[in-house]
Amino acid sequence: MSNSDFTRTLGSGIHPGFDRGKALFTRIHLDLLLVILLLVLCLAGLLILYTGSGRDTHMLVRQAVHMGIGLLGMGLAAQLPPRFYQMIAPWAYLLALVALISVLIAGVGAKGAQRWLALPGLPRFQPSELVKLILPLTVAWYMARRPVPPHITDLLKASGLIVIPTILILKQPDLGTSLLISASGLLVLFFAGMAWKLIGSLIAIVSACAPLMWFFVMHDYQKQRVLTFLNPESDPLGSGWNIIQSKTAIGSGGIEGKGFMQGTQSQLEFLPESHTDFIIAVLAEELGLIGVLLLLVLYFLIIFRCLVLSSRSETLFGRLLAGSLSVTFFIYVFVNIGMVSGILPVVGVPLPLVSYGGTSVVSLMTAFGLIMSMAIHQKR
Amino acid sequence: MWEHSFRDKSAEVKLFRSRAAILGLIIFALLGVLVWRMAYLQITLYEKYQNLSENNRIKIQPLPPKRGLIYDRNGELLAENVPSYSLTLVPERVRNMEDTLNFIDDMIGISERDREQLERRLELRRRPYEPVVLRHQLTEVEIAKVMVNRVYLPGVDVEAQLVRHYPQGETFAHVLGYVGRINQREQNHLDTDIDTKRRYSATQYIGKQGIEKRYESDLHGEPGYQKVETNARGRILRVLEQSDPTPGQDLTLHLDSRLQRLAQQQLANHRGALVAIEVKTGGILSLYSNPGFDPNLFVTGISHTDYNALRDNPDLPLFDRAIRGRYPPASTLKPFIGIGVTDLGVTSWSRTIFDTGSFMLENSSRVYRDWKRQGHGEVNLERAIVESCDVYFYDAAVRAGIDKLDPFLAQFGFGQNLAIDVDNAFSGLLPGREWKRKHYKASWYAGDTVNLGIGQGYMQVTPLQLATATALMANRGKWVAPRLLSAHSGQHEAIDESEAQDIKLNNEDNWDHMFEAMRKVISSPHGTARVLQKHLEFSIAGKTGTAQVVGIKQDEEYDSDALRERLRDHALFIAFAPVEDPQIAIAVVVENGESAGRTAAPIAQSVINLYLSGSTGE
């Protein structure tokens, strides 16, 4: 492997103090390097949020609280052994299906989509967020019980596990999340060693089905988003506004940017959703290409570290789950930045740990906790 | 789970690592795609987006000029600009539109019409975060209520602008006219010329009627410009550069508010009009039509209810009788015919006729009656004016003939609109052979001349024309065209010589004779306006007129009591004073006023008295 030197550097301490800290962290089932990288990302996220929200300190504090809760969730998730997750996987899956069905029957939401579940005594939450963790967990649980590389029958059964929640979420309707969730399940199959021939056929089938989706699955507003993506100038004040303004923000930032909190597109409110989905445009405008590159490097390091940790997991279950969660994290990053910069259609995907939003922050941090649990718990 | 232990563990890990490495490479490649995309936007297209973002942020805004003010001759303000406040909504910021509207409704009230208009405006294409007007003309109390509750009303704001206001309301409604929002047709017209398009780029209102329309280009002013930094909602954050607008010119009119108000008071219970002209300058002192309307209603857009009420009112308040009312001049024409027939040598001041109460043309059986059934007996021209003898004028007109009368009367401005700056005035109708052939395809009969002799028949005049002719008479034929405008921005307009020719009489003494005859209309015990003697402060020369509304058939008894009020005769009166050195000429028409001496003449007298007794103010 060409990058094995780099792996060694990232994987081993180079400083005695760092070694001691690392040992301490290992005892509480955390990976020091990943935690540091995540803390840096959180801090950067808070700074970008501060300027992206128009210096809204209330929002900043709330997001910091979300991150605190997320870190707690991460720590907690890391303490539980992989065996525990393996044990609860099927039950969690059933619970998730019940929640998804309840959303369709009694969910609440806005703009024609039912995504939220309001249970008495619990804060309002989106069951689909839970599924983002539960689906890879369940598929990993299933595949870990099967021989490796998997037989086609096992893959088909696993696909069934993926398809059911995907369709339920598609019905809400939430095309973006359903695609991301099915991707997280498919990644498990990929890591499990799905044959290349099968992967090739799957890609062929999906490409063939795409036009059918247009006619039978997609809602008008979803089609509109795709049309706008293809030609935003067709409706510059309507649905094209967001993407035109975000590209303007990014492009006008240039290499060095207009300066922190000096972005005219974001500070003068031309850029919509500048604290949530479109926040990368704020960074690109104010800190330029340099800022974007730094953030991308940070994301790359995190994902790379996660993949390293995944491969260190002692169990197949752990490797499959951690690997899938790591790559899913990258997909979020890619889809969000791709959408804001205009190479992908607009789907509601936040930029991980930078966009404002409690559910997303907590579920992402919990996922990192899971990855660390898989990697660091020793088999007894 | 124990089955795992039987597996080839190292092979599993190897498989996972190779798959992870492949995905790692893909991830690396995709990150490369993102970097390429960002670099493409931020380096290759940098200038394009830099421009777009600057154009977003920086706007060149035209600033509307302040419209010129309008004053009367005494410096009293007739039209001003006052701040008006509108309630606006930014729909994107309003959390719950229905609740917000209900809250505002409870607080200051919104009409169904406001709601409908809001819905219509919301459906129109607009930029996100652009404010939409919900209500115009907030009172101070309403503004205070909105401001106090603003915390509960995100997206709701109050915006100020200057709007036209007419402090004297109805009194000057017709003559001043009003401004209103520029409509689509006017906008298209303004857009045809690059210069007017530029001048009106920030303007919302334009003169629609009267002086406001006539002097629109003077009142409007020149727009200024500012370079501003705005946010996405168009809210101005900083002014980067500014050039101030040039306000429009202030206008001073010849109109006299005191006379105008008195005319309004005096005509209060009538339909009618009054026009008074300063003889020496041609300045129009008063131009009033009753009933009027409140011009302020039209400025920000009149409601349907208000407009329908005005339109459907049988008294036609929107109709400017002073310049567009068409009345037969009736006996008020007699002095002009009288001057004509003497000067043409058809008759003389000493010649008499014997009036038996009726007049017949040769070879015709038709009988033309005098208003006095038994006739006036032996009458000369002076007595014919004083007592308004019809038969004398039947006879005189026929003697002169239409071919001589017609051009003579035209010299007094009948059949034309000669006022310099009263647009939209009806030109009146001076009938003649040519005119009759064109409009009736018939030749002019001697009987038509008979009718013309007493100002009946085809002839039509407006009160403005009557006053103009009277002023010309008072000025002994020297033309000073009537005008409203006295000064632009304090600079007095030169009295330009009008195109109309002065009237040169063969014998100038005829003016004096006619002045004397018209004075006796008031001072003689037989004068038709002798009622004015009671309040006579200044010597007045005048002439009454009674215009028939329906034709009275021959031998039919004229019984005014039996006729409905609206079929009663119109009462007309023209006058000038003082006779020795005429300063003011006036014409009054009271529709269905029946008796000119009792209704129209006292109104004219009160205006004359006020003008002559204190021309320097109250």
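## Chain B in outline

Helices, taken as runs of at least four residues, and strands, taken as runs of at least two, are assigned by DSSP and numbered from the N terminus. Counted in this way, chain B of this predicted model contains 23 helices and 21 strands. Chain B has 618 residues, of which 40% count as buried. When contacts in chain B between residues at least 6 apart in sequence are considered, 74% of them join residues at least 24 apart.

## Where chain A touches chain B

The two chains meet through 43 residues of chain A, which are in contact with 38 residues of chain B. On the chain A side, at least two residues each come from helix H8 (175–192), helix H11 (241–253), helix H12 (264–267), helix H13 (279–312) and helix H14 (316–340). The helix that gives the most to this side of chain A is H13(A), with 12 residues. Sorted by class, the side of chain A that touches chain B is made up of 26 nonpolar, 14 polar and 3 charged residues.

In soluble globular proteins, nonpolar side chains tend to be buried together. The largest nonpolar core in this model has 117 residues, and the residues with the most contacts inside it are A:Ala140, A:Met143, A:Leu320 and A:Ile371.

A:Met143 can be followed in detail: leaving aside residues up to four places away in sequence, A:Met143 touches A:Pro150, A:Ala158, A:Val188, A:Leu189, A:Ala192 and A:Leu320. A second, separate core has 115 residues, and B:Leu78, B:Phe172, B:Ala330 and B:Phe412 are included in it.

## A kinked and hardly covered helix

Helix H9 of chain A runs over residues 196–216, and its 21 residues reach 29 Å from the first C-alpha to the last, which is close to the 30 Å expected at 1.5 Å a residue. Even so, H9(A) has a kink of about 35 degrees at A:Ala210, shortly before the proline A:Pro211. H9(A) is also hardly covered, since the count of buried residues among its 21 residues is 0.

## A closer look at A:Asp154

A:Asp154 belongs to helix H7 of chain A, which spans residues 152–170. A:Asp154 is classed as partly exposed because 19 other C-beta atoms lie within 10 Å, whereas a buried residue would need 20 or more. Although A:Asp154 and A:Tyr142 are 12 residues apart along the chain, their C-alpha atoms are separated by 8.7 Å.

Notes: Residues numbered from 1 in each chain as written. Chains lettered and ligands numbered in written order. Predicted model: local features only at pLDDT ≥ 70, side-chain atom pairs only at ≥ 80, totals over all residues. Buried ≥ 20, exposed ≤ 12 C-beta atoms within 10 Å, placed from the backbone. Contact = placed C-beta atoms within 7 Å. Nonpolar A, V, L, I, M, F, W, Y, C, P; charged D, E, K, R; others polar. Core = buried A, V, L, I, M, F, W, Y, C linked by C-beta atoms within 7 Å. Expected span 1.5 Å × (residues − 1). Bend = angle between axes of the 7 residues up to and from the residue.
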